[in-house]
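Q: Please take a close look at a single part of this model and describe it in one connected account. I would like the criteria behind each term to be stated as you go.

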Amino acid sequence: MPEREKPKREKPEREKKDALLHHWLTATADALPNHPALIEDERVTTFADLLCQARSLACLFQQNGIQKGDRIALVMPKTTEAIVSLFSSLFAGAICVPIHPQWPKDRVEATLSDSGAKLVIDGDLPPPRITDLRTRTEIPWPQGRRPSTFANTEFPAIFPAMEARDPALMLFTSGSTGRPKGVVLSHRAIGAFASWSADQFEITSKDRIACPAPLSFDLSTLDIFNMALRGATCMIVPESIAWMPRFLVQWLSTSGATCWYSVPSLLGGMLHQGKLEERHCRNLRLILFAGEVFPGPHLARLRATVPHALLANLYGPTETNVVTYYEVPQDFDGAAPPPIGRACPYADVRVDPATGELLAGGESLMTGYWNRPDDTRRAFCELDGKTFYRTGDVVSVAPDGDYIFAGRLDRQVKRRGFRIELGEIEAAFSRSDDILDAAAVSFDDSARGTMIAAFLHLRPGCEMPIADAKAHCARLLPLYMVPDRIMFLEAIPKGSRGKTDYAALKKLAEDAK
């Protein structure tokens with residue numbers, strides 16, 4: 001993979017290795033106070049306004065007892081107020097915990113409890129609702145302030161001193177036992193990816209970055225923090241069309257977006273259902289994708305559709321953010337999915353010679369799983385005196401040095417870029433008194449990608465309509481984890497050691513297509 005030549009430049013102070021994420025916003029607002037930071041529908045928020053609102057809200061947090069290291073949860077779609085709240089949390093020295101607002105209520109409550117959040121901010125429309133979880137009382141959202149001029153001296157310097165190793169975000173991922181795990185990411189870990197991507201893809205204040213991923217998904221670290229670092233404008237994709245390819249393509253063609261970052265399945269939908277080829281997206285100079293395998297033929301079609309744009313595959317689990325990347329060449333033929341490429345300069349990537357597992361270390365590595373020391377210990381390994389995360393992904397190395405994704409060591413799958421532990425689906429079904437045993441498998445569908453099938457063994461005499469089984473699952477899990485197909489068996493097949501025979505179940509699922 002050839003490297004593009006880039007002019008060398010001295011990094012400004014805010015881009016140094018130990019800079020804090022919210023300090024990026026302060027510096028950019030000082031340099032570009034009237035430049036648009038956020039555009040949401042017809043609403044424009046300048047950097048001066050964003051900083052002023054974020055600091056005002058951070059002061060309110062402190063007045064309500066928030067201290068360094070406390071957790072503030074955001075159960076909100078990706079809106080202007082949500083991004084204000086994220087930066088406010090960082091100014092106050094807190095750890096921001098984004099939670100997808102469409103998660104089932106029980107899952108949201110369990111995640112709030114697990115994180116130990118003191119405040120939760122929720123609401124689809126402004127102003128959001130702030131609730132103190134210690135007292136269950138509501139705190140009024142501060143009145144918006146829109147100063148005509150920007151002044152750093154408007155707020156007292158009362159925010160806590162922070163270090164780059166301090167936690168900034170906690171992102172919850174699927175857990176095989178049915179309990180999501182909180183991935184703790186420091187300012188340095190997020191900053192390593194954000195500053196590299198800004199350099200690698202030459203992000204400037206002229207860019208408009210669109211990323212439909214929710215705040216709870218690590219893809220959002222690109223648009224939000226490249227906005228803060230380089231003065232790019234963050235284009236907030238309307239949540240109402242986030243999974244509607246035809247409307248997304250219409251929005252993209254009129255938004256003036258120059259950069260797009262999403263999961264491949266969304267781009268595939270925009271190609272096939274959204275008719276991306278028929279739209280003029282000349283402003284779009286950069287398309288980044290991550291989170292799942294991009295089928296080769298679909299990527300080749302995208303490559304031909306936007307020949308003027310740079311396309312890149314970014315790889316890395318939530319625990320490491322992006323650690324490898326691959327720029328798609330103009331002559332990509334689609335005979336196979338794209339490689340995951342080579343290591344980013346801040347990452348240390350190795351391959352376990354015994355298993356082929358990719359091991360990832362370096363500056364973007366997570367601090368650990370929140371309150372899960374045993375899981376954290378199992379996730380890490382030591383090699384040559386350095387700490388690495390066991391990704392669970394099996395790779396091979398091409399003759400040119402690119403890494404190629406070859407599969408998983410465990411039962412984790414990706415769908416729409418979301419990480420799914422099949423064991424968590426099984427755990428959800430086991431919570432029904434009518435289900436004696438449950439097993440879940442994934443299989444590939446040429447038209448729809450990764451599919452999930454669940455097999456249920458009901459108690460004697462019980463009948464359960466498929467709709468009821470899916471509804472039970474939807475009450476406990478996000479919709480993207482609800483199985484596409486449910487089959488009832490008199491017994492779940494077991495191997496000689498009494499363990500579930502997943503190979504036999506996968507064949508059943510594939511044969512039933």
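Q: How many bridges join β25 to strand β26, and do the two run parallel or antiparallel?

A: β25 and β26 (residues 449-458) run antiparallel and are joined by 10 bridges, where two strands count as paired if DSSP finds at least two bridges between them. The model is a predicted one, in which local features need pLDDT of at least 70 and side-chain atom pairs count only at pLDDT 80 or more, whereas totals for chains, interfaces and linings use all residues. Residues are numbered from 1 along each chain as its sequence is written, and side-chain values use heavy atoms, with hydrogens and water left out.

Within this pair, Ser442 stands opposite Ile452 of β26. The two strands belong to an open sheet of 3 strands in the order β25-β26-β27, and its pairing is mixed. At its edges lie β25 (435-445) and β27 (485-488), each of which pairs on one side only. On average, neighbouring strands of the sheet are turned by 20 degrees against each other, direction ignored; here axes are lines fitted to C-alpha atoms, for helices over the stretch in contact, and angles run from 0 to 180 degrees between N-to-C directions.

Helix α11 (residues 422-429) packs on this sheet and touches β25, β26 and β27, contact meaning heavy atoms within 4.5 Å. The direction of α11 makes about 145 degrees with that of β25.

Along its principal axes the C-alpha trace spans about 70 × 60 × 50 Å. Of the 513 residues, 58% count as buried, that is, under 20% relative accessible area, with exposed meaning over 50% and partly exposed in between (1.4 Å probe, protein chains only). Among contacts between residues at least 6 apart in sequence, 67% join residues at least 24 apart.

Conventions:
Helices (H or I, at least four residues) and strands (E, at least two) are DSSP runs, numbered from the N terminus.
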